[in-house]
Amino acid sequence: MMPTMLARASRAMPGALVRRSCAVSQVRCMSAAVPKVPMLINNEFVHSSTDKFIELRNPANNEVIGLVPESTQEEMEAATAAAKAAYPAWRDTSVQNRMRIMLKYQALIREHHDELAELVTL
């Protein structure tokens, strides 16, 4: 990056250059304070038993805002079994009702667009 571009970038996003220059181990240490995102299995929030996580980053400033689990084999199997058990009810739902559900989901996303954007960029 050219010096003038570097100066502009540092003014636009204070601290971003410092964060980018940190060693990965330092970033991992800072990540310990961020929340771990639970999984949704069988309509219940469940915390993973894994010790491997993927950093969830704020797209506005690249800050780590959460940790998403790399699910264990057992957790994947539980999620798959729950989805398989839920499928017959969805399959037996008429196309019109499924369409109504998806359109309601779309309307909720549009209605809460600003809130969702804020949550993504905490």
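Visitor: How many residues does helix 4 have, and how far does it reach?
Guide: This is a predicted model. In it, helix 4 covers residues 73-91, which is 19 residues. From first C-alpha to last, helix 4 reaches 26 Å. That is close to the 27 Å expected at 1.5 Å a residue.

Visitor: Where does helix 4 bend?
Guide: At Ala-85, by about 25°. A proline follows within four residues: Pro-88.

Visitor: Switching to strands. In which sense do strand 3 and strand 4 pair, parallel or antiparallel?
Guide: Antiparallel, over five bridges. Strand 3 is residues 53-57 and strand 4 is residues 64-69.

Visitor: And which residue in strand 4 is the bridge partner of Arg-57?
Guide: Val-64.

Visitor: What about the turn? How many residues lie between strand 3 and strand 4?
Guide: Six, and the two strands form a hairpin. Asn-62 sits in that turn with a positive phi of about 65°.

Visitor: Zoom out. How many helices and strands are there in the chain?
Guide: Six helices and four strands. Along the sequence the pattern reads α-α-α-β-β-β-β-α-α-α.

Visitor: How much of the chain is buried?
Guide: Buried residues make up 16% of the 122 residues. The accessible surface comes to about 9,700 Å². Carbon and sulfur atoms account for 62% of that surface.

Visitor: Last one, on contacts. What share comes from residues 24 or more positions apart?
Guide: Such pairs make up 45% of the contacts with a separation of 6 or more.

Terms used. Residues numbered from 1 in each chain as written. Predicted model: local features only at pLDDT ≥ 70, side-chain atom pairs only at ≥ 80, totals over all residues. Heavy atoms only, no water. Pairing = 2+ DSSP bridges. Buried < 20%, exposed > 50% of the residue type's maximum accessible area, 1.4 Å probe, protein only. Contact = heavy atoms within 4.5 Å. Areas by Shrake-Rupley, 256 points an atom, 1.4 Å probe, with all protein chains shown as cover. Expected span 1.5 Å × (residues − 1). Bend = angle between axes of the 7 residues up to and from the residue.
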